[in-house]
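Please keep the sequence and the model in view while reading.

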Amino acid sequence: MKCDVSVIIPNYNGEKFIANCLDSMMVQSFYEFGQLEIIVVDDCSTDASVEMIKTYKNVTLLENPVNSGFDRSVNQGILASHGKYCLLLNNDVVVDPDFVRYLYLHIDDDPAIFSVSSKMVRYYERDKLDDTGDFYNILGWGYKRGDGQTVDSYHKVTPIFSACAGAGIYRRSVFSEIGLFDEVFFAYMEDVDIGYRGLINGYKNRYEPKAICYHIGSATTAEGQRYSPFKVQISARNNVYVAYKNMPLVQLLLNSPFLVLGFFFKYILFLKRGFGKDYAAGIKAGLKNYKKVKKVPFQVRNLKNYFFIEAQLILNVFRMIENKRMK
């Protein structure tokens, strides 16, 4: 099957959101000049969302017998798809009519681009941003650039550390080189990890401001709330995984004082928010189970990329501070 873009939507109990998401995909301007397929991977939903999805004739539905997590669902969709590019979309996202077209035009313009992130706006606060690309720093913190800032911010194409897998497009051929999403992560930070792997291998991750969508956020794992015990714990664990997996031993040793400091500060922040035990449990799980993660093999040919990434990890601390200041 010839296809330009495969849209892959993981779904778990998305009865309240999935119809709006799929309806917005049905009116994409991309249909005028490209082939588009839509695949929904249902992760053992117990609500009426599966019945809703089945009413869309142009949507392929894959159903998991057991709940396996976001990452496995995404990988299933990628493996079952046919497009040159894979566009990942959360079920609680509604997109503008030109959304797919702008992401496609951006990634198709340069073979060195691995992923392109969209301009994500808060669904219920249309005057505020949700995400304009993800960043990761030497403190072991991943963060969403632009979160909470005015919607007219970040209107230029820019490099980013990684695309948000909630509404971003990826080059299929690179998956064959660096692997798919790491299913050990289950959910959260897997997009930072795969973007990191892309950077290690010399690829680019970019941000496209014209590709606009509206995101409820954490609708499945935290019932729309910014934090939940599950989300805090698994994100903390996965932050440990990202550092261990992607940093060669020497780099990991050099950065370890900053990582320890970063994890300690984050613990204090979550302690004040009532999630201290959850964050500590996540860090403990990450340190206990880090060997479950397959480490990225160091290759001399990527040495210059590691130096570039290290500079970005340091610079991203200052970007994070500026990001918070602009809220």
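With which residue does K54 form a salt bridge? The partner of K54 is E63, and the closest N and O atoms are 3.9 Å apart.

## Basis of the report

The model is predicted: local features need pLDDT of at least 70, side-chain atom pairs count only at pLDDT 80 or more, and totals for chains, interfaces and linings use all residues. Residues are numbered from 1 along each chain as its sequence is written, and side-chain values use heavy atoms, with hydrogens and water left out.

## Salt bridges

A salt bridge is a side-chain nitrogen of Lys or Arg within 4 Å of a carboxyl oxygen of Asp or Glu. Side chains of opposite charge can pair when their charged atoms come close. A search of the whole structure finds 14 salt bridges.

D98 and R101 form another salt bridge, with 3.6 Å between the closest N and O atoms. D98 is partly exposed at 27%, and R101 is partly exposed at 22%. R325 and E322 also meet in a salt bridge, at 2.6 Å from N to O. These two residues are 3 residues apart in helix α10, so about one helical turn separates R325 from E322. Helices (H or I, at least four residues) and strands (E, at least two) are DSSP runs, numbered from the N terminus. Elsewhere, a network of salt bridges links R122, E125, K128, D130, K144 and D147.

After α6 comes G202, which has a positive phi near 90 degrees.

D191 belongs to helix α6. Although D191 is buried, this residue has no salt bridge, and the nearest side chain of opposite charge, K144, is 9.8 Å away. Leaving aside residues up to four places away in sequence, D191 touches D134, S162, A163, C164, A165, Y170 and F181. Contact means heavy atoms within 4.5 Å.

The structure holds 0 disulfides; a disulfide is a pair of cysteine sulfur atoms within 2.5 Å. For C164, the nearest cysteine sulfur is that of C213, 8.1 Å away. That distance is too far for a bond. C164 is buried at 11% relative accessibility, and C213 is buried at 0%.

## Features at the surface

F298, V300, L303 and F307 make a nonpolar surface patch of about 440 Å². Patches are made of residues with over 30% relative accessible area and no salt bridge, like charges being joined within 9 Å and nonpolar side chains (Val, Leu, Ile, Met, Phe, Trp, Tyr) within 5 Å. Accessible areas come from the Shrake-Rupley method with a 1.4 Å probe, and for residues only the protein chains shown count as cover. F298 is in the loop between α9 (276-289) and α10 (303-325), and is partly exposed at 44%.

P111 lies in the loop between α4 (99-107) and β6 (113-122) and is exposed at 62%. Not counting residues up to four places away in sequence, P111 touches R171 and Y203. The C-alpha atoms of P111 and K204 are separated by 9.3 Å, although the two residues are 93 residues apart along the chain.

Key. Buried < 20%, exposed > 50% of the residue type's maximum accessible area, 1.4 Å probe, protein only. Lys, Arg positive; Asp, Glu negative; His and termini not counted.
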